[in-house]
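Dear colleague,

Please find below the structure that I am handing over to you. The notes that follow set out what was found in it.

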Amino acid sequence: MKRWLASSVVAVALLVGCADGQAPVMGQAALGAVKLESSDGRTLAIRDLQGKPTLLFFGFTHCPEVCPLSLVKAVQIKRLLGPAADDLQVAFVTVDPQRDTPAHLRDYLSAFDTTFLGLAGDETGTRAIAESLGVSYRRVGEGDMATFEHTASWFLLGADGQLQDVYGYAMSEQAIVEKLRMRLP
């Protein structure tokens, strides 16, 4: 009886939350439905990155260690891939859109590689995209001193926009390159 009551309360809450006609975007649908502003001036969804495999990372530009080291790793991965790197996009989705504007992302990412694409959206959309890929993050602190605890994995989306692989933070550049070579054209 308690389980049924709890389920009913959740169902009613979801219906009330959608009363304005705006159903929440959940799951893999978020990759196509949520629009982000890019560092190159476009408005696009993650699925719009189709055409080339994409290495996708969630982070923030004020990150003291994990994000810059991950971007350096992406630079090394592209170097190790040689000419095959031309067939790979690198995209960085900010979990801190209040500070990480598309222009700020462009400036930040250009210090690593001018071809890296920065993406920023609102909090609801960013969270939906992150959760669809199993990424978690949370703000720690407030204002300019805020930081984020976040998943630090790279996600490989195929040229068709579908998730193909996940590379953990501790995985070496060489190990990632070996896996990528099996997936790149």
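Leaving aside its neighbours within four places in sequence, which residues is Leu-119 in contact with? The model is a predicted one, and in it Leu-119 contacts Leu-36, Glu-37, Ser-38, Leu-44, Ile-46, Leu-49, Ala-91, Phe-92, Val-93, Thr-94 and Leu-105, with neighbours up to four places away in sequence left out.

Leu-119 also belongs to the largest nonpolar core, which has 50 residues. Together with Ile-46, Leu-55, Leu-56, Phe-58 and Leu-180, Leu-119 touches the most other members of that core. Helix H3, spanning residues 66-81, supplies the largest share of this core, with 5 residues. As general background, nonpolar side chains in soluble globular proteins tend to be buried together.

The chain holds 6 helices and 9 strands. Of its 185 residues, 42% are buried. Among contacts between residues at least 6 apart in sequence, 69% join residues that are at least 24 apart.

I would next draw your attention to Asp-100. This residue is found in the loop that runs between strand S4 (89-94) and helix H4 (102-110). Asp-100 is buried yet takes part in no salt bridge. The nearest side chain of opposite charge is that of Arg-99, at 5.7 Å, and a salt bridge is counted here only within 4 Å. What does the side chain of Asp-100 make polar contacts with? One partner is the side chain of Thr-61, at 2.4 Å, and another is the side chain of Thr-94, at 2.6 Å. Not counting residues up to four places away in sequence, Asp-100 touches Phe-60, Thr-61, His-62, Thr-94, Leu-105 and Ala-120.

How many salt bridges does a search of the whole structure find? The search gives 7, and three of them are described here.

One joins Asp-48 to Lys-35, with the closest N and O atoms 3.5 Å apart. Asp-48 sits in the loop between strands S2 (43-44) and S3 (54-59), while Lys-35 sits in the loop between helix H2 (30-33) and strand S1 (36-38), so the pair ties together parts that are 13 residues apart in sequence. Asp-48 is partly exposed at 41% relative accessibility, and Lys-35 is likewise partly exposed at 47%.

Another salt bridge is formed by Arg-42 and Asp-40, whose closest N and O atoms are 3.1 Å apart. Arg-42 has a relative accessible area of 38% and is partly exposed; Asp-40, at 44%, is also counted as partly exposed.

A further salt bridge pairs Asp-165 with Arg-183, with 4.0 Å between the closest N and O atoms. Asp-165 belongs to strand S9 (residues 163-167) and Arg-183 to helix H6 (residues 173-183), so that the pair links distant parts of the chain, 18 residues apart. Arg-183, at 39%, counts as partly exposed.

Yours sincerely

Definitions and conventions. Residues numbered from 1 in each chain as written. Predicted model: local features only at pLDDT ≥ 70, side-chain atom pairs only at ≥ 80, totals over all residues. Heavy atoms only, no water. Helix = DSSP H or I, 4+ residues; strand = E, 2+ residues; numbered from the N terminus. Buried < 20%, exposed > 50% of the residue type's maximum accessible area, 1.4 Å probe, protein only. Contact = heavy atoms within 4.5 Å. Lys, Arg positive; Asp, Glu negative; His and termini not counted. Polar contact = N/O pair within 3.5 Å; in protein donor to acceptor, adjacent residues only side chain to side chain. Core = buried A, V, L, I, M, F, W, Y, C linked by side-chain atoms within 4.5 Å.
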